[in-house]
Amino acid sequence: MAKHGTAHFIAQRITALALVPLAIWFVFALLSHGGDTRADLMEWIAGHPWSVAIPLAMLVLVGFYHMRIGLEVIIDDYIHKPDLRGMLHFLNTFVALVAGAIALWSIIAITLIA
Amino acid sequence: MSDQSASTPLSPHLQIWRWTVTLFCSITHRVTGMALYAGTILLTIWLASAATGEAAFATVQAIYTSPFGLIVLFGYTWALFFHLLNGIRHFVWDAGYGFSIPASRGSAWGVVGGSLALTIAVWAAVFMTGGN
């Protein structure tokens, strides 16, 4: 997002703000469900769409977006060769999109299977 | 670059600056940000394995609860708390407060100590309840 500094700054802050409660919720949720069996984990996600499945989906989607734009700044700051920088920007977007898609698909699949 | 550095000054980098807790928090915010990227991919793999099947989930769970896996998850927990607390510190700056040297130094120590305390508390709870 070079030359779009203000929009970048605002997107970074809004996603950060959303991630504060989501991250705190996630740590506490994992305390009770990190050691779940597969059946328990699936029942927990599928059985609580509003309080588990959707916050979890928001955590990974907002999280990967926040990480993509955060890493973008780090790449811009430290990688000076234009070709390499362009390639890393592409890779960053690609990984964030694929990982976000897999996580979202997993949550939906768990909801449908369970 | 080598003949250029002999004639023109270059901006000092990490190895030049005297280490302070505020410098530590600044660079560690970026390092933990990158670590969380990797950690969230671990979360994605965990969810995908649960969606895939019993065998896939058992494999991932075995790797994550191995001694090496637990060390990685402990590091992930600390990275999350550090980035969370230091991110809140950035919000306070965004609102226009906490810029004095004592305040920024104090909040930096608060982030370091707070993130360590919260990480230890979470993992103490994990082991006491036998969660993992």
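This is a predicted model: local features need pLDDT of at least 70, side-chain atom pairs count only at pLDDT 80 or more; totals for chains, interfaces and linings use all residues.
**Figure 1. A:Asp77 and B:Arg30 link two chains.** Here the closest N and O atoms of the salt bridge are 2.7 Å apart. A:Asp77 belongs to helix H3 of chain A and B:Arg30 to helix H2 of chain B, so the pair joins two chains. A:Asp77 is partly exposed at 37% relative accessibility, and B:Arg30 is partly exposed too, at 22%.

**Figure 2. A:Arg13 meets B:Asp94.** This salt bridge brings its closest N and O atoms to 2.5 Å. The contact crosses between chains, running from helix H1 of chain A to helix H4 of chain B. A:Arg13 has a relative accessible area of 23%, while B:Asp94 comes in at 39%. Over all chains, the whole structure holds 4 salt bridges.

**Figure 3. The largest pocket.** There's about 940 Å³ of space in here. Of its 40 lining residues, A:Gln12, A:His66, B:His29, B:Gly33 and B:His83 are the closest to the centre. H4(B) gives the largest share of the lining, with 12 residues. By class, the lining splits into 22 nonpolar, 14 polar and 4 charged residues.

Figure 4. An unreviewed UniProt entry marks residues 34-56, 68-88 and 108-128 of chain B as "transmembrane region". Residues 34-56 of chain B are 96% helix, with end C-alpha atoms 26 Å apart. For residues 68-88 of chain B, the figures are 100% helix and 30 Å.

Terms used:
Residues are numbered from 1 along each chain as its sequence is written. Chains are lettered from A and ligands numbered from 1 in the order in which they are written. Side-chain values use heavy atoms; hydrogens and water are left out. On a 1 Å grid over the protein atoms alone, a cavity is a set of points where a 1.4 Å probe fits but cannot get out, and a pocket is an open set with protein on both sides within 12 Å along at least five of seven lines; lining residues have an atom within 4 Å of a point. Grid points are joined across faces, edges and corners, and a volume is the space filled by probe spheres set on the points. Helices (H or I, at least four residues) and strands (E, at least two) are DSSP runs, numbered from the N terminus. Ala, Val, Leu, Ile, Met, Phe, Trp, Tyr, Cys and Pro count as nonpolar, Asp, Glu, Lys and Arg as charged, and the others, Gly among them, as polar. UniProt positions are given in the numbering used here, feature names are shortened, and annotations may be inferred rather than shown by experiment. A salt bridge is a side-chain nitrogen of Lys or Arg within 4 Å of a carboxyl oxygen of Asp or Glu. Buried means under 20% relative accessible area, exposed over 50%, partly exposed in between (1.4 Å probe, protein chains only).
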